[in-house]
Amino acid sequence: MPKHTFYNLPEEKKGTLIDAAKKEFSRVPLFEASISNIVKVAKIPRGSFYQYFEGKEDVFFYLLEKRTEDMNKKFIAILRQNKGDLFKAFLEVFKHLLYDFKNPENRNFFKHTFLNMNHEIEIIFYKMFHENKREDDLTSINAILDKEKLNIENEYELPHVMQILKIVTVQNLIQNFAKEISFEKAIEKYELEINLLKNGLYKDKSSYFIE
């Protein structure tokens, strides 16, 4: 994460540095990214960069965290718009992400992230995206969610339902990047999988547990 000196920068200078980092990580994956390119675009001395970040990994994870935080906020807003319908909200979020990825810089940033995910990136990304990192986010979701539409026994099952849906979402995004699936086909495939989860896969509703 950034050093205190970064947070003390004027907003304009912070924005310039972050925009330069975004361009670099959209151009190439993290392991190929160059601090020299970042400071060149930002028009700052290389030494200044190290006053704000430990290295390129530091600024990359900062960008990743900010973008996943934005996703969480968007999810809460869409869930509210859909009156707490969890499945409708996930479908709308998936569509929103695909629209967002039409922006080349956004698409390339996440494409490089998903398709070059090492263990460290995977841990950090899944922690931020699959779990509700902040208690206030989880509280907000619980307050909005229409639990009457969900076949859950208690509040402890809800995080598992959320995790399953988010894993399906991430895997569909990865396939979208890897196979360059069209927008329409991506939505069709995602909606099919979401509906399978929504309707359930087991015909015998009298027993939900594997003995």
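The legends below describe several close-up views of one predicted model.

This is a predicted model in which local features need pLDDT of at least 70 and side-chain atom pairs count only at pLDDT 80 or more, while totals for chains, interfaces and linings use all residues. Residues are numbered from 1 along each chain as its sequence is written, and side-chain values use heavy atoms, with hydrogens and water left out.

**Figure 1. The chain as a whole has eleven helices and zero strands.** Helices (H or I, at least four residues) and strands (E, at least two) are DSSP runs, numbered from the N terminus. The chain has 211 residues, of which 42% count as buried, where buried means under 20% relative accessible area, exposed over 50%, and partly exposed in between, with a 1.4 Å probe and protein chains only. Among the contacts in the chain with a separation of 6 or more, 69% are made by residues 24 or more positions apart, a contact being heavy atoms within 4.5 Å.

**Figure 2. Helix H2 (11–27) is shown with the elements against which its buried residues pack.** With its 17 residues, H2 reaches 24 Å from its first C-alpha to its last, close to the 24 Å expected at 1.5 Å a residue; the expected span of a helix is 1.5 Å times one less than its number of residues. In H2 the buried residues are Lys14, Leu17, Ile18, Ala20, Ala21, Glu24, Phe25 and Ser26. An α-helix has 3.6 residues a turn, so residues three or four places apart point the same way. The partners of the buried residues of H2 are helix H1 (4–7), helix H3 (35–42), helix H4 (46–52), H5 and H7.

**Figure 3. Lys14 is placed in helix H2.** Lys14 counts as buried because its relative accessibility is 13%. Leaving aside its neighbours within four places in sequence, Lys14 is in contact with Phe6, Tyr7 and Leu9.

**Figure 4. Residues 34–53 carry the feature "DNA-binding region" in an unreviewed UniProt entry.** UniProt positions are given in the numbering used here, feature names are shortened, and annotations may be inferred rather than shown by experiment.

Figure 5. Of the 15 residues that line the second largest pocket, the closest to its centre are Lys66, Arg67, Asp70, Asp100 and Phe110. On a 1 Å grid over the protein atoms alone, a pocket is an open set of points with protein on both sides within 12 Å along at least five of seven lines, whereas a cavity is a set of points where a 1.4 Å probe fits but cannot get out; in either case, lining residues have an atom within 4 Å of a point. Grid points are joined across faces, edges and corners, and a volume is the space filled by probe spheres set on the points. Helix H2 (11–27), helix H5 (56–81), helix H6 (86–100) and helix H7 (104–115) each supply at least two residues of this lining, and the largest share, seven residues, comes from H5. The lining divides into seven nonpolar, two polar and six charged residues, with Ala, Val, Leu, Ile, Met, Phe, Trp, Tyr, Cys and Pro counted as nonpolar, Asp, Glu, Lys and Arg as charged, and the others, Gly among them, as polar. The end C-alpha atoms of H5 are 38 Å apart, which agrees with the 38 Å that its 26 residues should span at 1.5 Å a residue. H5 is followed by Lys83, whose phi is positive, near 55°.

**Figure 6. Asn106 is found in helix H7.** Asn106 is buried, with a relative accessible area of 15%. Leaving aside its neighbours within four places in sequence, Asn106 is in contact with Arg67, Asp100 and Phe101. Asn106 and Lys23 are 83 residues apart along the chain, and their C-alpha atoms are separated by 9.4 Å.

**Figure 7. The second largest cavity holds about 30 Å³ of space.** Helix H10 (158–179) and helix H11 (183–199) are the elements that give two or more residues to the lining of this cavity. Its lining is formed by Phe94, Asn172, Gln175, Asn176, Ile181, Ala186 and Lys189, and the largest share, three residues, comes from H10. Just after H10, Glu180 takes a positive phi of about 55°.
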